[in-house]
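Hi,

Here is the structure we discussed handing over. Please take a look, then read my notes below.

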Amino acid sequence: MALFLTEEQVMLKDMAGPFLADQAPVKHLRQLRDANDAAGFSRDLWRRFGEMGLAGVLVPEAQGGGGLGHVEAGIVLEEIGRNLSPSPFLSTAVAAVTAIGGADAELRARWLPGIATGETVAAIAVDEGRRHDPANVALAAERSGNGFRLNGAKRFVVHGHVADLLIVAARTSSDVGEMRGITLFAVEKGAAGLTADPVRMVDSSIAAEMLFEDVEVDAGAVIGTVDDGWSLLTRTLDAGRVGAAAEMLGVGGAAMAMTMDYLRQRKQFGRLIGEFQALQHRAAHLYSELEIARAATLKAAQLMDADDPKAELMAAVAKAKAGKAAMLAVQEGVQMHGGIGMTDEYDIGLYMKRHRLLDELFGDTAFHAERVARLNNY
Amino acid sequence: MADEEIFRAETRAWLEANCPPAMREPVTGLDDVYWGGRNGRFSSPEQQAWFEAMAARGWTVPDWPKDYGGGGLSPSETKILREEMAALGCRSPLHSFGIWMLGPALLKFGTEEQKRRYLPDIAQGRIRWCQGYSEPGAGSDLAGLQTRAEDKGDHWLVNGQKIWTSYADKADWIFCLVRTDPAQKQGGISFLLFDMASPGVSTRPILLISGSSPFCETFFDDVKVPKEQIVGAVNQGWTVAKYLLGHEREMISAMGFGSGDPSLGRDLAERLGAFANPVLRAEVALHDVDMLAFRAMSEKFLDEFKAGLAHPAQPSMMKYAGTELNKRRLELEMAAGGTDALVWGDDNAVSRHWLRSKANSIEGGTSEIQLGIIAKHILNLPGA
């Protein structure tokens, strides 16, 4: 398969881009932020994702979805990043759909159709510590009756305070830090003993700290196999990582485009500042880094869609590289804009904030470079 | 799709049968590559067998038309061949500036007669070419070149000097930029082909900091060149040269990214033992992230290039990023090797590769030139 978008994929991009620029531009994010919106995104917008066939991009056609792949999901996410559109697309349409894809027919039928229509919002409850470290799951799931009883806490659960469905990584055996003994659960909103404390993040999105106190679920809530959830968890997180990488390409790409516009307009010393070689060379370096990150992300998405064993390594590369390249884009963006780049009125700072959250989400560059080293046995 | 899978299976079987095991070992020294030419010598019977098997199929240049000695493969078949060669670790059967640079330029700008005269000799490795571009006074500002070619009616009379001519002392023919109109800059340059055995041509190797001499000074003293040995129209050589430089950049950017070597960290740990210093290990891991990402970029660029989708200035990005990465890799190899890496050793010592790598971001247009091209042609920044 060639490493560029097919005609159908370009058509999807040509549909998703204008849709998001029209329905959820940066102004929409500002409105939600300034109104201190309790959800952090618009449910109406999410339903429109469903009507457009975007929410179900990864959902099989039998369950009302598009039956497409991670390349297509990445195309949508890049446009989401470009417009800073607040939506549960990454957690719901990408990560949760990947997790539920590994569940039995009953769970799939229970959740996937609602996601495809944009009715259902899902959240990923994995992190417990300050930094992403999925093997360190401590939240305990003990057998109780015909099901399990969950006790523990999760943090940085993006959209967790409003999610209809939580994908929860819990420990059913072995010690904290071990890959063995982790089980994934589908936990419904409103379960007794489950509480969410919404926290406003730096980019104005909302992530919840969630407490599980004797939360009872039945055996049907188990996604995949008990004690053996690590590989499905990794696939779920890798879907999220490649998706976050694609969103960061949109964030970084938009930041670069704004900055290039500024270099072509702003005059100092009687010249356009874009004429200065010091800025030209930094801009060209930034372009180069973003292009390479785009190639790595597309490669990772293609490998995931092909179920290739190299997908895990490339997902780590994509997340690390896109995180670094987009970081350069937003940092150079603010610096090259000068004073105006520090103002709340100007959009470039919003891009820097969004990048910071996406860089941390599902592991940052340091986490994934470490993973690249381990996957190569050094 | 099915046809492609059949082609893949057949190609794999053919490579298995025809690529000797010794030709699947990583290239470690100068003897491991074959450059062809009138004086070309094989360093082993396996090298000869491998070259001859590939040349017989036209697979030294798999995507060139069969009429010109190529393999006549489609872009997707060419990609499959490359993938299968990489999977087996097959060496390139023939290194050649004719394949990488002149051939593509002739395919685009040459006359039918020129294609039939020169391309089969390139494909079969019979003629080794060198490139006459830079001059002592024309480096980054290449279009300032002064080597003159005067129209003498039935021939061109060439006088001047080139520098940084790769392997000029070993080459049979040269493709050369010359000034045919002193009143114009870019518009006064022509692209000539001539035999290095012509009277008046002389070369002098230049000793580099790495201890090797891959480059020469080349002198032209009343060299007579037949009139038909010009590619493109008179004074249109700059167009040919720019096209060809794109190919050169593509080639340089791919250096160090052949088959194997998918992880510098794993390679170093296997050779030298586990990393004792976590800071060095982290630097190597970050390098591997960038290297693996750049490999994806190389694949994407090649796919886009063959489909006609690549931005014309994209080779500058590839050249810039690839050469800077290669320099970084060799710095890390030096650090990991410690005092062992400081040994001067033979041509193949890491210290010598490290020193040679410093030229990567200078030759074929410096990194600064590439960044300027990106700023002007891709980012449309003013006054660049």
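Is B:D222 buried, partly exposed or exposed? It counts as partly exposed, at 43% relative accessibility. Keep in mind that this is a predicted model. B:D222 sits in strand β7 (residues 215–226) of chain B. Its phi is positive, about 55°, although B:D222 is not a glycine.

Chain A has a residue of this kind too. A:F362 is not glycine, yet its phi is positive, near 60°. A:F362 lies in the loop between α10 (348–360) and α11 (365–375) of chain A. A:F362 is buried, with a relative accessible area of 8%.

Now the domains. Chain A splits into domain 1 (7–120), domain 2 (124–228) and domain 3 (231–375). The C-alpha centres of domain 2 and domain 3 of chain A are 30 Å apart. Their contact draws 17 residues from domain 2 and 16 residues from domain 3.

Together, domain 2 and domain 3 of chain A bury about 1,400 Å². Carbon and sulfur atoms carry 73% of that area. On the domain 2 side, A:R131, A:H132 and A:D203 lose the most area, together 37% of what that side buries.

Polar links across this contact: three salt bridges and four residue pairs in polar contact. On the domain 2 side, β3 (147–158) and β5 (182–188) of chain A each supply at least two residues. That side divides into eleven nonpolar, two polar and four charged residues.

One salt bridge to look up: A:R131 with A:D364, closest N and O atoms 2.9 Å apart.

Best wishes

Definitions and conventions:
Residues are numbered from 1 along each chain as its sequence is written. Chains are lettered from A and ligands numbered from 1 in the order in which they are written. This is a predicted model: local features need pLDDT of at least 70, side-chain atom pairs count only at pLDDT 80 or more; totals for chains, interfaces and linings use all residues. Side-chain values use heavy atoms; hydrogens and water are left out. Helices (H or I, at least four residues) and strands (E, at least two) are DSSP runs, numbered from the N terminus. Buried means under 20% relative accessible area, exposed over 50%, partly exposed in between (1.4 Å probe, protein chains only). Domain bounds come from an automatic or database domain assignment. Contact means heavy atoms within 4.5 Å. Buried area is the accessible area (1.4 Å probe) that two parts lose on being put together, summed over both. A salt bridge is a side-chain nitrogen of Lys or Arg within 4 Å of a carboxyl oxygen of Asp or Glu. A polar contact is a pair of N or O atoms within 3.5 Å; within protein, one must be able to donate a hydrogen and the other to accept it, and residues adjacent in sequence count only if both atoms are side-chain atoms. Ala, Val, Leu, Ile, Met, Phe, Trp, Tyr, Cys and Pro count as nonpolar, Asp, Glu, Lys and Arg as charged, and the others, Gly among them, as polar.
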